[in-house]
Amino acid sequence: MDNPHMARAIQLSIDNVRAGGGPFGAVIVNNGEIVAEGVNRVTAANDPTAHAEVVAIRAACAKLGVFELNNCEIYTSCEPCPMCLGAIYWARFARIYFANVAADAAAFGFDDSFIYRELSHPPGQRSIPAVQMMREQALAAFRVWQEKPNKIPY
């Protein structure tokens, strides 16, 4: 099915490649109107988190002055990677639309399947070992949060 918002995300991905970036674009829509757009800026910004979805989420939140996008939809030129999917869930979108699937991205060298495999291993057995330490001291921050009367839950 044709959709103007997805068509825009796809066009952003094509334009970004032509401008020297990666082949990913994202559009955030609220009540049928585009609120923000993003393209992959990983190499342009020297930022491994600057995926199109994350760039668009940051722009939408700044524009709307919110940290939740629960009334919004995201249109992305490719199925979100694990990081972007996490960001999408934290932003609490109403819906995700995507064009290419993860296997399409993998066929062109953008394979994130290793991250999914890594997540299935205990932290200490991953290719980048994670070492847990100082839990008791760190719990202090949660206790202070719990006792704070004017906290903003998220």
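**Talking through the model**

Modeller: Let's start with Ser77, which is found in strand 3. Bear in mind that this is a predicted model.

Biologist: Why is Ser77 called buried?

Modeller: Buried means under 20% relative accessible area. Ser77 has a relative accessible area of 2%, so it is buried.

Biologist: Which residues is Ser77 in contact with, leaving aside its neighbours within four places in sequence?

Modeller: Ala9, Ile10, Ser13, Pro23, Phe24, Gly25, Ala99 and Asn100. To count as a contact, heavy atoms have to be within 4.5 Å.

Biologist: And what about Asn16, is it buried or exposed?

Modeller: Asn16 is found in helix 1. Its relative accessible area is 10%, and the cut-off for buried is under 20%, so Asn16 is buried. Not counting residues up to four places away in sequence, Asn16 touches Gly21, Gly22, Phe24, Val39 and Asn40.

Biologist: What makes Asn31 stand out?

Modeller: Asn31 is not a glycine, yet it has a positive phi of about 50°. Most residues other than glycine have a negative phi. You'll find Asn31 in the loop between strand 1 (25–30) and strand 2 (33–39). Its relative accessibility is 73%, and exposed means over 50%, so Asn31 counts as exposed.

Biologist: Where does Asn46 lie?

Modeller: In the loop between helix 2 and helix 3. Asn46 has a positive phi of about 50° too, although it is not a glycine. With 69% relative accessibility against a cut-off of over 50%, Asn46 counts as exposed.

Biologist: Let's turn to the rings. How many aromatic pairs does the structure hold?

Modeller: Four. One of them is formed by Tyr75 and Tyr97.

Biologist: Why is the pair of Tyr75 and Tyr97 called stacked?

Modeller: Rings pair if their centres lie within 6.5 Å, and planes under 30 degrees apart count as stacked. Tyr75 and Tyr97 are 4.6 Å centre to centre with 15° between the planes, so the pair is stacked. The pair links distant parts of the chain, with Tyr75 in strand 3 and Tyr97 in strand 4, 22 residues apart.

Biologist: How do you know whether Tyr75 is buried or exposed?

Modeller: Tyr75 has 5% relative accessibility, and under 20% means buried, so Tyr75 counts as buried. Tyr97 has a relative accessible area of 26%, which falls between 20% and 50%, so Tyr97 is partly exposed.

Biologist: What makes the pair of Trp145 and Tyr154 edge-to-face?

Modeller: The angle between the planes. Their ring centres are 6.2 Å apart, within the 6.5 Å limit, and their planes are at 75°, over 60, so the pair is edge-to-face. Tyr154 is at 62%, over the 50% cut-off, so Tyr154 counts as exposed.

Biologist: Which residues do ring pairs link into a cluster?

Modeller: Phe67, Trp145 and Tyr154. The charged end of Lys151 also sits over the ring of Trp145, 5.8 Å from its centre. The distance limit for that is 6 Å.

Biologist: And the pockets? What volume does the largest pocket have?

Modeller: The largest pocket has a volume of about 360 Å³. It is lined by 22 residues, and the closest to its centre are Phe24, His51, Cys81, Phe110 and Asp112. By class, this lining has 13 nonpolar, five polar and four charged residues.

Biologist: Which residues lie nearest the centre of the second largest pocket?

Modeller: Ser13, Pro23, Phe24, Asn100 and Phe108, out of 14 lining residues. Its volume is about 190 Å³. Helix 1 gives the most to the lining of the second largest pocket, with four residues. That lining divides into 10 nonpolar, three polar and one charged.

Notes
Residues are numbered from 1 along each chain as its sequence is written. This is a predicted model: local features need pLDDT of at least 70, side-chain atom pairs count only at pLDDT 80 or more; totals for chains, interfaces and linings use all residues. Side-chain values use heavy atoms; hydrogens and water are left out. On a 1 Å grid over the protein atoms alone, a cavity is a set of points where a 1.4 Å probe fits but cannot get out, and a pocket is an open set with protein on both sides within 12 Å along at least five of seven lines; lining residues have an atom within 4 Å of a point. Grid points are joined across faces, edges and corners, and a volume is the space filled by probe spheres set on the points. Ala, Val, Leu, Ile, Met, Phe, Trp, Tyr, Cys and Pro count as nonpolar, Asp, Glu, Lys and Arg as charged, and the others, Gly among them, as polar. Helices (H or I, at least four residues) and strands (E, at least two) are DSSP runs, numbered from the N terminus. Rings of Phe, Tyr and Trp (its six-membered ring) pair if their centres lie within 6.5 Å; planes under 30 degrees apart count as stacked, over 60 as edge-to-face and the rest as tilted. Buried means under 20% relative accessible area, exposed over 50%, partly exposed in between (1.4 Å probe, protein chains only). A charge sits over a ring if NZ of Lys or CZ of Arg is within 6 Å of the ring centre and within 35 degrees of the ring normal.
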